[in-house]
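Reader: I would like to learn how to read a model like this one, feature by feature. Please show it to me first.

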Amino acid sequence: MSRTVYDCIIIGGGASGLFAASMLVKLTSGKAKILIIDGNDRCGKKLALTGSGRCNLSNKNALADKYYTDAPELLDGCLKAFGSEDAVSFFENELGIVTVCDNGLYYPSTYRAQTVIDSFKFFLDESGVEMKLGSRCTKISLNNGIYEAALKDGSVCKARNLIVSAGGSAYPSTGSDGTVGLLLKGLVDSSDIVDFRPALTSLTSKMQGMKALAGIRCKGKVDLSDGSKTIDSSEGEIIFSKEGGISGICVMDISGAAVKLLDKGVKPVVTVNLTGRSEEDVMKMIETRHNRFAGRNVSSALSGMMPRVLCEFVCKTAGIDPAASIGDLGDKEISVLAKSLCAMKIPVDGFGGNDKAQVSSGGIRLSAMNQNMQYRNRKGLYITGEALDVDGRCGGFNLQWAWSSAAAAAKGVAADV
Ligand SMILES: Cc1cc2nc3c(=O)[nH]c(=O)nc-3n(C[C@H](O)[C@H](O)[C@H](O)COP(=O)(O)OP(=O)(O)OC[C@H]3O[C@@H](n4cnc5c(N)ncnc54)[C@H](O)[C@@H]3O)c2cc1C
């Protein structure tokens, strides 16, 4: 067993672990003795995949309403204490990363996630932060005020403070496999651990004919309902998947809530506006084609508005024959068709699993933490990032949470160094 007692051990060298270490270096002017432990042989394995390798590292509008959590006020306070501008300023001024803002979404100007990982690495190496890579932590215990992290290679590392940044259950191939609850067993109350579930994932439907739509993309709006009321909504590109279902950023945004409904045995319904326009506008567009292309069949007449196969699918669900001549449609049928194009109902039966989800919900309840992300009444035990039960929408919100929660934990630890 090593004799060294670190000021802080960080379990997980992903986004929030790397940020927590960097911030702790800054806040203690390099005085804190820090060790990062990661089961992978390199840091930031998931970070490398973010934003399709471009790393959408934050969002100008990262406020609490973009996230699901059980403690929105605490989340709000944390995001306000260290928000997107603070994160961007840290990246620019401490790590030397030039950032760009595209429509409110921040990226490194290289549009390469590796730039962010390299910059963390250079900074932490130069600051004397130690790293133990390729060895997973298998157990954490607390003895006489000192945290002990037992590693797979048989070694035990000790520290006065512990930041657990071990991630959630999404994309387990990157090292975060949803076992943080097990790791913290005995240190946190089991009632504070929420099962990890996929969030930001695709949704599947057994609706007849859906698979034929595979590959079709359209810009529109999705509303998630529990059958009686709207639970969540989002807008953007909708992609029909080969599994029979829908994906795309706006679908991922509502997917976490859909998974929770399915878990409760409630069948969610997604109402999709396939046109991105109002029903009134779509009705006028159909009427124009009804007059101009009266001799064409419905799917041909509307082919300039949407792919024919999608039009045929919608016609069938609306009880209209797509092979009928559009000129023969009456006002009522035109109205029904417009309604179906703007509010097609897709019953949801399933969702993409952890291997497809970009983020997971679940983890340690945020309501069990203080404003420094220290676990209730457990001096020196901090938890950050996706290991906490906070999941945000697509667009840089989840990485911002990783940075904000890490900054809060670093502040807590720094007060003890
Ligand atoms: C494909 C993809 C694209 C994404 N794109 C974006 C994006 O553009 N913008 C955005 O905001 N978010 C994005 N996300 C989400 C974002 O990557 C995560 O929210 C973020 O990485 C969470 O950071 P974290 O540090 O909490 O966890 P992670 O980044 O998952 O890091 C956890 C680390 O802990 C290590 N670890 C786990 N258990 C142990 C253990 N027992 N012992 C030792 N080490 C352990 C793991 O190896 C891992 O390196 C994306 C996610 C995916 C999968």
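Reader: Is K219 buried, exposed or partly exposed?

Author: Start with the ground rules. This is a predicted model: local features need pLDDT of at least 70, side-chain atom pairs count only at pLDDT 80 or more, and totals for chains, interfaces and linings use all residues. Residues are numbered from 1 along each chain as its sequence is written. Now the general idea. A residue is buried if 20 or more other C-beta atoms lie within 10 Å of its own, exposed if 12 or fewer, and partly exposed in between, with C-beta atoms placed from the backbone. K219 has 15 other C-beta atoms within 10 Å, so K219 is partly exposed.

Reader: Where is K219 found, and what does K219 touch?

Author: Elements come from DSSP runs: helices are H or I with at least four residues, strands are E with at least two, and both are numbered from the N terminus. K219 is found in strand β13. Contact between two residues means that their C-beta atoms, placed from the backbone, lie within 7 Å. Not counting residues up to four places away in sequence, K219 touches G236, E237 and G276. A C-alpha distance can be read too: K219 and L341 are 122 residues apart along the chain, and their C-alpha atoms are separated by 12 Å.

Reader: What is the strand order in the open sheet of seven strands?

Author: Pairing comes before order. Two strands pair if DSSP finds at least two bridges between them. The order here is β17-β16-β13-β14-β15-β12-β18, with antiparallel pairing. β17 (344–347) and β18 (350–351) each have a single partner strand, so one side of each has no neighbour in the sheet. Strand β12 (residues 203–204) pairs with β18 over two bridges, in the antiparallel sense. T204 stands opposite G350 there.

Reader: Which helix packs on the sheet?

Author: Axes are lines fitted to C-alpha atoms, for helices over the stretch in contact, and angles run from 0 to 180 degrees between N-to-C directions. Helix α6 (residues 249–263) packs on the sheet and touches β12, β13, β14, β15 and β18. The direction of α6 makes about 130° with that of β14.

Reader: What is the order of the open sheet of three strands?

Author: The order is β3-β6-β5, and the pairing is antiparallel. β3 (58–59) and β5 (99–102) are the edge strands, each pairing on one side only. β3 and β6 (residues 105–108) share two bridges. S58 has Y106 of β6 as its bridge partner.

Reader: How many residues lie between the strands of each hairpin, β8 with β9 and β9 with β10?

Author: β8 (residues 137–143) and β9 (residues 146–151) pair antiparallel over six bridges, and I140 stands opposite A149. Two residues lie between β8 and β9, and N144 in the turn has a positive phi of about 50°. β9 then pairs antiparallel with β10 (residues 156–164) over four bridges. Four residues lie between β9 and β10, where G154 has a positive phi of about 95°.

Reader: Where are Y111 and M373, each with a positive phi in a residue other than glycine?

Author: Y111, with phi near 55°, is in the loop between β6 and α4 (113–126). M373, with phi near 60°, is in the loop between β19 (359–364) and β20 (381–383).

Reader: At what angle do the axes of α2 and α11 cross?

Author: Angles under 35 degrees count as roughly parallel, over 145 as roughly antiparallel, 65 to 115 as roughly perpendicular and the rest as oblique. The axes of α2 (residues 72–81) and α11 come within 9 Å and cross at roughly 85°. That makes the two helices roughly perpendicular. The contact is made by C78, L79 and A81 of α2 with S404, S405 and A408 of α11.
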